[in-house]
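Hi,

Here is the structure I promised to pass on. Have a look at it first, and my notes follow below.

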Amino acid sequence: WRGRGGVHAEKEQRDNAALRQDMESLERDLKIALDASSLAEAKLRHLEANLHKRDATEETDAAEPRKDEVKPPEYEVRKRIFGAVEPQTFSQTNALPEVTATDVAELALVWGLDPITDAHLMWVPGKALRSVLPVGWKGESDRHGDVFYHEIASGFRTYSHPCDARYRELLNEAQEEARKAAAPPRVGVTENALEIERLRLRQASADMERQGRLL
């Protein structure tokens with residue numbers, strides 16, 4: 001019985017050792033699986049954060065003018081004059097700060113006018129600076145704090161004031177009228193007047209020839 005007992009004890013030890021090895025192997029596999037799960041979870045959180053950031057960026061980009069849009073030269077003039085004004089103020093009548101003669105002259109220079117020789121045209125840039133946004137437009141700010149203009153119905157966004165195009169057109173019309181007024185009057189010559197002048201010259205030539213024969 002002792003022999004059998006010893007064999008039985010050795011077998012039990014081997015079985016226990018094998019069981020411990022299996023448990024250790026299982027623990028290692030479980031740790032690897034947990035580490036892999038943690039890594040996968042971390043990657044998932046990172047991907048979700050990047051996706052959220054990209055969505056937020058795309059949403060911001062969609063809510064601003066195109067990135068390739070160049071701000072017009074008038075923009076810097078308005079920025080200097082109205083830089084401290086809230087964007088929504090551009091839609092409110094009589095809410096903008098007072099525009100000075102210097103402000104008007106600055107925009108006039110941007111539009112190629114001479115504030116002295118073109119003094120009769122200064123009303124155009126003056127009205128442009130004092131104009132509020134048309135109905136259906138509102139002022140907003142981009143991510144850098146710069147004002148842009150948003151047409152609500154179409155979703156169109158731009159850094160160009162929507163009234164500037166109309167005032168530039170008015171300026172061109174006023175300049176054309178000024179040129180016409182300054183031009184010397186054109187003398188109209190009718191066909192009858194030309195014919196009379198030709199007859200007079202022929203008559204004068206005939207008289208000269210007759211006088212020559214008499215001499």
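Let's start with one side chain: that of Glu 64 comes within 2.8 Å of the backbone nitrogen of Arg 143, a polar contact (N or O atoms within 3.5 Å, one able to donate a hydrogen and the other to accept it; residues adjacent in sequence count only if both atoms are side-chain atoms). Bear in mind that this is a predicted model, where local features need pLDDT of at least 70 and side-chain atom pairs count only at pLDDT 80 or more, while totals for chains, interfaces and linings use all residues. Numbering runs from 1 along each chain as its sequence is written, and side-chain values use heavy atoms, leaving out hydrogens and water.

Where does Glu 64 lie? You'll find Glu 64 in the loop between helix H1 (2–62) and helix H2 (73–82). Glu 64 counts as buried because its relative accessibility is 14% (buried is under 20%, with a 1.4 Å probe and protein chains only). Beyond its neighbours within four places in sequence, Glu 64 is in contact (heavy atoms within 4.5 Å) with Asp 142, Arg 143, Phe 148 and Arg 157.

Now the strands. S1 (residues 137–141) and S2 (residues 147–151) run antiparallel, joined by five bridges; strands pair if DSSP finds at least two bridges. Gly 139 has Tyr 149 in S2 as its bridge partner. Five residues separate the two strands of this hairpin, and Gly 145 in the turn has a positive phi of about 90°.

Overall, there are six helices and three strands, taken as DSSP runs (helices H or I, at least four residues; strands E, at least two). Of the 215 residues, 24% count as buried.

Cheers

Notes:
Buried < 20%, exposed > 50% of the residue type's maximum accessible area, 1.4 Å probe, protein only.
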